[in-house]
Structure formats: C-alpha cells, structure tokens
Amino acid sequence: MSTSQLVAQHLPFLRRYARALSGSQSAGDAYVTAMLETLIADPSTLDRSVDPRVALYSLLTRLWDSVALNAQVDAVPAPLQGERRLGHITPVVRQAFLLVSLEGFTEEEAAGILQIDVPTLRKLVEDAGRELAAEIATDVLIIEDEPFIALDLEGLVEGLGHRVTGIARTHTEAVDLARRKAPGLILADIQLADGSSGLDAVNELIEKTEVPVIFITAYPERFLTGIRPEPAFLIAKPFQPSTVAAVISQALFFERRARPREQRATA
C-alpha cells in the first residue's frame, strides 16, 4: 500500500486525535497538515518496520513535541476555560490518555508511540483520568433509540460521576426532556426510532443554548470531512466504553459548544 493510501485510510482518526489533543479543530488540523507536508517532503520519515497506524501516530507525536509547531498553533488569545485547565496537565499525560482511551491502542502500542515503558504509560493514563474526572461532572441527555445501547451509555455515564437527565428515543422526546432539565452534555445517535434525526434534534436544542454534543454514528467518515461546520466529537458504532469515557472527558474538558449545522448525511 502506498503512503498516500495509508494516510487516507487513517486521516479522519488522526484529525480526531490531533483535535482532542490540541483542544481545537484549527490547531489539530495544523498538526495533521504538518505531518502530511513532512511525508511529502520525505516519505522515509514513516517507519515501515511497524504497524502503519502506529507509524503514523508516532510521526504525529514527534511533530506535536516540536516546540516550533506548538508555538505556532497554540498562540491564540483568550483561551476557553477547558484550555486553561489543560495547561495544568502535561502534554505526555494527555497523549497517553488519548492514545489508549480514545484511539484504542494497546498499552504496548501507545508506549511505543510515546517511547516509554508500559508501567509508565499506565501511570500517565491513571493520572489523566483523575485530573479530568475531578472537574467535569454534569447532567447528560442521551438520545438513542436502541434500548441496550441506551442502557449501556446510561451506566457508563453514571459510572463516570455524571447524572443522566433522561433517555430520548425520538426527536420530540429529546426536545421535551431538554426543556424539563437543561443538559450540560448531549450524547446523540443520528438515526432515531421513528425515522427522525438526532442531528435535527440537536440543532433545535442548541438554537437556544450552547452545549457540548457527542454524536454516535456507524459512519464517522461521513462527518469528518474537513468541510466546516462539522462535529468536533464523534463515536463510531460499535464503540468501546473506554472510547466513550475519553470523548466525554474531552468534550467537557475543552468546553466545546455545539452550534447549529445543516444535516448532510444520515447514519
């Protein structure tokens, strides 16, 4: 497989990781763009002796650790509260947490990407989880028409210390529940039981108040297109509980508020 084919296969997920790591879409995309420019200039920078996905994330990590690039994309005025909190967590802690919990690497793979040993990686992940959980408890609205998935999400959300205000199976139910109790976070499926759209429901809700939203879909590549606006947070079905936990932490930690967008696809 050519380098361009490898990159295309993993690009949406590299962009997701870079955005979660840096705290903004523009900064994350700047890192990925720098990685692509590096590969174009010198394809040998991609380590062909390891798994291609590990090699790509290793290269992105080396760029993230570049002082010059950090200075270029992180010098933004008036950071959000989540980004100010982020300043108290060292970059390697963020990297360890995201590689294992969000990107689904094994401990051995994540340790290799960061060039540390597995015990050190485990300590970093535990440190990140404690630091994040202490600041982000909130009320969560779940929009999901599959009962078993909804129950799984409810148990996971409550296990993280959050409160579930309700589970909606349709657009109408979602709006009604949100009116009764304003959520601090929304987990939303895209296609709902009665044929209505979770995306439409979210758009209606966030016309009145901005709130972090995590979309759940079987087709994340339809939304991670690079065309603005696009969701900052997506979870692919079937999902791992650790992935949900990590994305919830990131959505609340960075305080990324959703804004209305036109529906472009269903899933």
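Strands (E, at least two residues) and helices (H or I, at least four) are DSSP runs numbered from the N terminus. The model is predicted, so that local features need pLDDT of at least 70 and side-chain atom pairs count only at pLDDT 80 or more, while totals for chains, interfaces and linings use all residues. Residues are numbered from 1 along each chain as its sequence is written, and side-chain values use heavy atoms, with hydrogens and water left out.

On β4 (residues 213–217), five of five residues are buried, buried denoting under 20% relative accessible area, exposed over 50%, and partly exposed the range in between (1.4 Å probe, protein chains only). V213, F215 and T217 point to one side of β4, and I214 and I216 to the other. Strand β4 is also joined by three bridges to β5 (residues 234–236), with which it runs parallel; here F215 faces L234.

The open sheet comprises five strands in the order β2-β1-β3-β4-β5, with parallel pairing. Its edges are formed by β2 (163–168) and β5, each of which pairs on one side only. Neighbouring strands are turned against each other by 15° on average, direction ignored. Axes are lines fitted to C-alpha atoms, for helices over the stretch in contact, and angles run from 0 to 180 degrees between N-to-C directions. Helix α9 (residues 147–159) lies across β1, β2, β3 and β4, at about 170° to β2, whereas α10 (residues 171–180) lies across β1 and β2, at about 150° to β2.

D139 belongs to strand β1 (residues 139–143) and is buried, with a relative accessible area of 14%. Its side chain makes a polar contact with that of R163 at 2.7 Å; such a contact is a pair of N or O atoms within 3.5 Å, and within protein one must be able to donate a hydrogen and the other to accept it, residues adjacent in sequence counting only if both atoms are side-chain atoms. Residues up to four places away in sequence not being counted, D139 touches, among others, T165, K181 and L185, contact meaning heavy atoms within 4.5 Å.

Key: Pairing = 2+ DSSP bridges.
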